[in-house]
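Reader: I am new to this structure. Could you show me how to read it, one feature at a time?

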Amino acid sequence: MSLEQFLGLYNYWIVIFLMMTGFYIVISRGNLIRSIIGLNIFQTSVFLLYITMGKISGGTAPIIPPALAAAHSPHDEHTLDAHGEHALNGHSVDEPGAAAGEPIANGAAELAEHVEEIAEPVSAAVTIADGPIYSNPLPSVLMLTAIVVGIATTAVALALIVRIREDYGTIEEDEILAVDRRS
Amino acid sequence: MSMNTFPIIRVVTKLLIPYILLFALYVQFHGDYGPGGGFQAGVILAAALTLYGLVFGLEAAKRVAPPKLMQRLMALGVLIYAGTGVATMLMGGNFLDYNHLTHDVWPQVLPSGQHLGIFLVELGVGVTVTAVMTMIFYTFAGRQHIT
Amino acid sequence: MINEFTMIDVAILTLLAATAVTVARIRDLWAAIMFTGIYSFLSASWMLSLDAPDVAFTEAAVGAGIATVLFLCTLALTGKNEKRFPRFSPVPFLVVTITGAVLVYGTLDMPHFGDPDAPVHQYPSPSFVERSQDDMHGLPNVVTAVLASYRGYDTMGETAVIFTAGTAVILILRKEEDPDDKADGSEEEAA
C-alpha cells in the first residue's frame with residue numbers, strides 16, 4: 001500500500017473508527033445518558049463522512065465571490081440557452097469527448113445535453129470557466145439540516161430519559177428491566 | 001441554576017451577549033452572501049438566550065423571551081415557510097417556486113424572486129429553530145429536581 | 001502529496017479519535033459530556049478545513065453549545081450516580097471490530113479523498129454551483145441556494161421535524177400544574 005493510497009483513505013478509516021467507538025459505547029454501557037452520548041458520536045461521524053466526500057483537493061468553499069458572480073451573471077437572459085451553458089462547460093475541459101459533444105449540444109436538444117454529460121466525465125461539474133474550483137455544496141446542505149434535526153431528536157431522547165428517571169428512579173438499563181419484571 | 005454569586009461570569013456574559021445576538025442577526029440576514037442561514041442563526045440566537053438563562057437564572061430568561069411567545073413562534077416559523085409556498089401558488093407558480101415572487105412589487109427595495117423567496121424561507125427556519133431550542137432549554141431547566 | 005493541508009487533516013483526525021476513545025473509557029459521566037463537547041468542536045474545525053463553513057458553524061453552536069447544556073441539564077435532573085462498568089467489554093469490542101473491519105474493506109475501492117472525479121461530483125451535471133449562477137441571479141452562497149430553493153421541500157420537512165420534536169419535548173416534560181398554562185387557559189376562556 002502506497003503512502004498516497006493511505007492518505008487517500010485515511011479519512012474514511014478514522015470516520016469508521018469514530019463510528020465504531022460510538023457503536024461500542026451504545027452496546028457496552030447500560031447507562032441511558034451514556035448511550036445517547038454514543039449515538040451522538042456515531043451521528044457526528046456520519047456528518048464527517050459526508051463532508052469528506054464533498055471535498056475537492058485545491059477547492060474552496062462553495063461561495064462565489066460577488067465580483068466573479070457579476071462577471072458570469074447573464075446580462076441578457078435570452079442569450080443564455082444551451083449554447084451559452086455549453087461554452088461555460090467546455091471552457092474548463094480539454095477532452096476530446098467534449099469536442100465531439102459540441103455540435104450536438106449546439107442543436108440545443110435536451111437529449112444532446114445528456115450525451116454531453118456522458119462525454120465529459122471530468123470535473124466540469126465543479127468549475128466555472130477558469131475560476132476557482134468549488135467543493136461540492138450538496139453534502140453540506142444535507143448535513144446542515146441533519147445536525148439541527150439531530151439535536152432536536154437528541155432533546156426528545158433526553159426528555160424521555162428524565163421521565164424514565166422520575167418513574168423508575170434509575171437510568172440503568174438492567175435496573176429498569178428488573179423493575180419492569182417485578183411489576 | 002443561577003450563578004448570581006460569580007461577578008466575573010456575570011460581567012463577561014453581559015459583555016458577550018450583545019455581540020452573540022449581533023452575530024446571529026448577521027448570520028441570518030447575510031446568509032445568502034456569506035456562510036450562514038436560518039439554521040445557524042437560530043442555534044446561535046438560542047445559544048445566547050441559553051447563556052443568559054444559565055447565568056442570570058431561568059426567570060430572567062423567561063422575562064426576556066416569554067415561553068408563551070416562544071411557543072407561538074415555533075409554529076409561526078413553519079407557517080412563514082409554508083406560507084411562502086402558498087404565496088407562490090397564489091401568484092400562479094408551483095409550491096415554493098420563488099421565481100413567481102415577482103420583481104415589481106416594490107422594485108427598488110425588495111430583491112428579485114429567488115432572493116426574496118430564500119430570504120423568507122430562511123427567516124421561517126430561523127424563527128422556528130430559535131423558538132424550539134429555547135423552549136427545549138426552558139422545559140429542561142424548569143423541571144423540578146428530584147432525588 | 002503531503003502539504004500543510006494534509007498535516008492539519010491528519011492532526012485533527014488523530015485528536016478526534018483520541019477524544020472519542022476517552023469518551024468511551026472515562027468513568028465520570030460529567031467529564032464524558034464535556035469531552036463530547038470537545039469532540040463536537042474538533043469536528044467543527046475539521047469541517048471548516050474541508051470547505052464546509054456553514055456546517056462548521058452549525059456543529060459548533062449545536063454540538064459544543066446547546067447539546068452540552070442539554071446533557072448537563074439532564075444530568076442535573078437524573079443524578080450523577082452511575083453503576084461502575086468495566087473499562088473494557090470483550091463481546092461488544094469483538095462486534096465493533098468485526099463491523100469496522102468489514103467497513104474498512106468496503107473503503108478500499110472508494111475514490112480517494114479530494115478526488116475531483118469521484119462519482120459524488122459527477123451528478124447533477126451541470127452542478128448546482130454552475131446552475132445557481134443563472135437560476136439565482138448571482139446569489140453567492142450556493143449552500144443557501146440549494147438548501148432553500150433547489151431542496152426547498154426537503155428543508156420544509158426538516159423544519160417541520162424540528163417543530164414536532166420541540167412540541168414532543170414540551171409534551172413529555174410539561175409540569176401538570178404550570179402557572180403559565182393556567183393563565184393561558186383563563187385568557188383564552190375570557191376571549
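**Reading salt bridges, contacts and burial**

Author: Let us begin with one pair: Asp154(C) and Arg151(C) form a salt bridge, with 2.9 Å between the closest N and O atoms. This is a predicted model.

Reader: What makes that pair a salt bridge?

Author: The test is a distance: a side-chain nitrogen of Lys or Arg must lie within 4 Å of a carboxyl oxygen of Asp or Glu. Asp154(C) and Arg151(C) have their closest N and O atoms 2.9 Å apart.

Reader: Are Asp154(C) and Arg151(C) buried, exposed or partly exposed?

Author: Buried means under 20% relative accessible area, exposed means over 50%, and partly exposed is in between. Asp154(C) has 28%, so it is partly exposed. Arg151(C) has 27%, so it is partly exposed.

Reader: How many salt bridges are there over all chains?

Author: A search of the whole structure gives five. One of them pairs Lys55(A) with Asp51(C), at 3.0 Å from N to O. Lys55(A) sits in the loop between α2 (32–54) and α3 (66–72) of chain A, and Asp51(C) in the loop between α2 and α3 of chain C, so this pair joins two chains. Both Lys55(A) and Asp51(C) are buried.

Reader: Which residue does Glu166(A) form a salt bridge with?

Author: Its partner is Arg143(B), and the closest N and O atoms are 2.6 Å apart. This pair also crosses between chains: Glu166(A) is in helix α7 (residues 137–168) of chain A, while Arg143(B) is in the segment after α5 of chain B. Now apply the burial cut-offs. Glu166(A) is at 22%, so it counts as partly exposed. Arg143(B) is at 9%, so it counts as buried.

Reader: Which residues are linked with them in a network of salt bridges?

Author: The network holds Arg163(A), Glu166(A), Asp167(A) and Arg143(B).

Reader: Now the interfaces. How do I read the one between chain C and chain A?

Author: Start with the residues in contact, then take the area. Chain C contributes 98 residues and chain A contributes 94 residues. The area buried between them is about 8800 Å², and carbon and sulfur atoms give 73% of it. On the chain C side, Asp51(C), Phe71(C) and Glu130(C) lose the most area to chain A, together 8% of what that side buries.

Reader: How many salt bridges and polar contacts cross the interface of chain C and chain A?

Author: There is one salt bridge. There are 19 residue pairs in polar contact, counting pairs with both residues at pLDDT 80 or more. Next, ask which helices supply the surface. Several helices of chain C each give at least two residues to the side that touches chain A, including α1 (4–25), α2 (29–49) and α3 (53–78). Helix α3(C) gives the most, with 14 residues. By class, that side has 59 nonpolar, 24 polar and 15 charged residues.

Reader: Which residues touch the most other members in the largest nonpolar core?

Author: That core has 113 residues, and those touching the most other members include Ile33(A), Phe140(B) and Leu70(C). Take Leu70(C). Leaving aside neighbours within four places in sequence, Leu70(C) is in contact with Ile151(A), Ala155(A), Leu158(A), Ile136(B) and Phe140(B).

Reader: Where is Thr134(B), and what does its side chain reach?

Author: Thr134(B) is in helix α5 of chain B. Its side chain reaches the backbone oxygen of Thr130(B) at 2.5 Å. Thr134(B) has a relative accessible area of 1%, so it is buried. Beyond four places in sequence, Thr134(B) is in contact with Ala46(B), Leu49(B) and Met70(B).

Reader: Last, how many helices and strands does chain A have?

Author: Chain A has eight helices and zero strands. Of its 183 residues, 49% are buried.

Terms used
Residues numbered from 1 in each chain as written. Chains lettered and ligands numbered in written order. Predicted model: local features only at pLDDT ≥ 70, side-chain atom pairs only at ≥ 80, totals over all residues. Heavy atoms only, no water. Contact = heavy atoms within 4.5 Å. Buried area = accessible area lost by both parts, 1.4 Å probe. Polar contact = N/O pair within 3.5 Å; in protein donor to acceptor, adjacent residues only side chain to side chain. Helix = DSSP H or I, 4+ residues; strand = E, 2+ residues; numbered from the N terminus. Nonpolar A, V, L, I, M, F, W, Y, C, P; charged D, E, K, R; others polar. Core = buried A, V, L, I, M, F, W, Y, C linked by side-chain atoms within 4.5 Å. Buried < 20%, exposed > 50% of the residue type's maximum accessible area, 1.4 Å probe, protein only.
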